[in-house]
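Open the model in your viewer and keep the selection panel at hand. The stops below go from the whole chain to single residues.

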Amino acid sequence: MRVVLGVTFLLHGLAKYQEGIGVVQDRFLNYNIPYADYVAMGVMFVEIIGGLFMILGFTTRFIAILFSIIMVGAIVYVKFELGFLQGYEIDVLLLAMSLSLLVSGSKFIALDNFFVEKKKKK
């Protein structure tokens, strides 16, 4: 699940990068997102770097929080008026995946395994 989520966000971030930050900022302005210029840059950065980190399993829970914030913003500002079907159903799935990783973390082939101290059983 971690790798699928990471690849999905990475590809969306790379698509934004290829479009150009100006185009993304204009789109965010049209969605009436507060501080659209900064939010556009932040979202693109989090999607690319966070996507890579998620794939590698590095700071999984922290990145899951950031992904959750992005998905709530996408639902509220962009997709909510379209309704669930043909609107925000995929965003809800990505949000659920992010929240699941936030709660459970990911130990399977993850860099976090090298940085988190393991608890010893008595």
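**Ground rules**

This is a predicted model: local features need pLDDT of at least 70, side-chain atom pairs count only at pLDDT 80 or more, and totals for chains, interfaces and linings use all residues. Numbering runs from 1 along each chain as its sequence is written, and side-chain values use heavy atoms, with hydrogens and water left out.

**Stop 1: the whole protein**

Show the cartoon. The protein has six helices and zero strands. Helices (H or I, at least four residues) and strands (E, at least two) are DSSP runs, numbered from the N terminus. The order of elements from the N terminus is α-α-α-α-α-α. Along the principal axes, the C-alpha atoms fill a box of roughly 55 × 30 × 20 Å.

Now colour by accessibility. Of the 122 residues, 35% count as buried. Buried means under 20% relative accessible area, exposed over 50%, and partly exposed in between (1.4 Å probe, protein chains only). Switch to the surface. The protein exposes about 8,100 Å², and carbon and sulfur atoms supply 70% of that area. Accessible areas come from the Shrake-Rupley method with a 1.4 Å probe; for residues, only the protein chains shown count as cover.

Among contacts with a separation of 6 or more, 64% join residues 24 or more positions apart.

**Stop 2: the charges**

Select the charged side chains. There are 11 positive and 9 negative ones, and the centres of the two sets lie 21 Å apart. Lys and Arg count as positive and Asp and Glu as negative; His and the chain ends are not counted. Each charge is placed at NZ of Lys, CZ of Arg, CG of Asp or CD of Glu.

Side chains of opposite charge can pair when their charged atoms come close. How many salt bridges are there? The count is three. A salt bridge is a side-chain nitrogen of Lys or Arg within 4 Å of a carboxyl oxygen of Asp or Glu.

- Select Lys16 and Glu47. Their side chains form a salt bridge with an N to O distance of 3.0 Å. Lys16 lies in helix H1 (residues 2-19) and Glu47 in helix H3 (residues 36-56), so the pair ties together parts that are 31 residues apart in sequence. Both Lys16 and Glu47 are buried.
- Select Arg27 and Glu19. The closest N and O atoms of this salt bridge are 2.8 Å apart. Arg27 is partly exposed at 25% relative accessible area. Glu19 is partly exposed too, at 38%.
- Select Lys79 and Asp91. This salt bridge has an N to O distance of 3.0 Å. Lys79 lies in helix H4 (residues 60-79) and Asp91 in helix H5 (residues 84-104), so the pair ties together parts that are twelve residues apart in sequence. Lys79 is partly exposed, with a relative accessible area of 26%.

**Stop 3: around Asp91**

Stay on Asp91. Buried or exposed? Asp91 is buried, at 6% relative accessible area. Leaving out residues up to four places away in sequence, Asp91 touches Met71, Ala74, Ile75 and Lys79. Draw a C-alpha to C-alpha distance from Asp91 to Ile75: it reads 6.7 Å, across 16 residues of sequence.

Next, pick Ala96, also in helix H5. Ala96 is partly exposed, with 44% relative accessibility.

**Stop 4: a nonpolar patch**

Select Val3, Val7, Leu11 and Leu14. They make a nonpolar surface patch of about 310 Å². Patches are made of residues with over 30% relative accessible area and no salt bridge; like charges are joined within 9 Å, nonpolar side chains (Val, Leu, Ile, Met, Phe, Trp, Tyr) within 5 Å. Val7 lies in helix H1 and is partly exposed at 36%.

**Stop 5: Gln25**

Move to helix H2 (residues 21-30) and select Gln25. Gln25 counts as buried at 16% relative accessibility. Beyond residues up to four places away in sequence, Gln25 touches Ala36, Asp37, Ala40 and Met41.

**Stop 6: positive phi**

Most residues other than glycine have a negative phi. Select Tyr35, in the loop between H2 and H3. Its phi is positive, near 50°. Tyr35 is exposed, at 67%. Finish on Gln86 in helix H5. Gln86 has a positive phi of about 65° and is exposed, at 73%.

Note on methods. Contact means heavy atoms within 4.5 Å.
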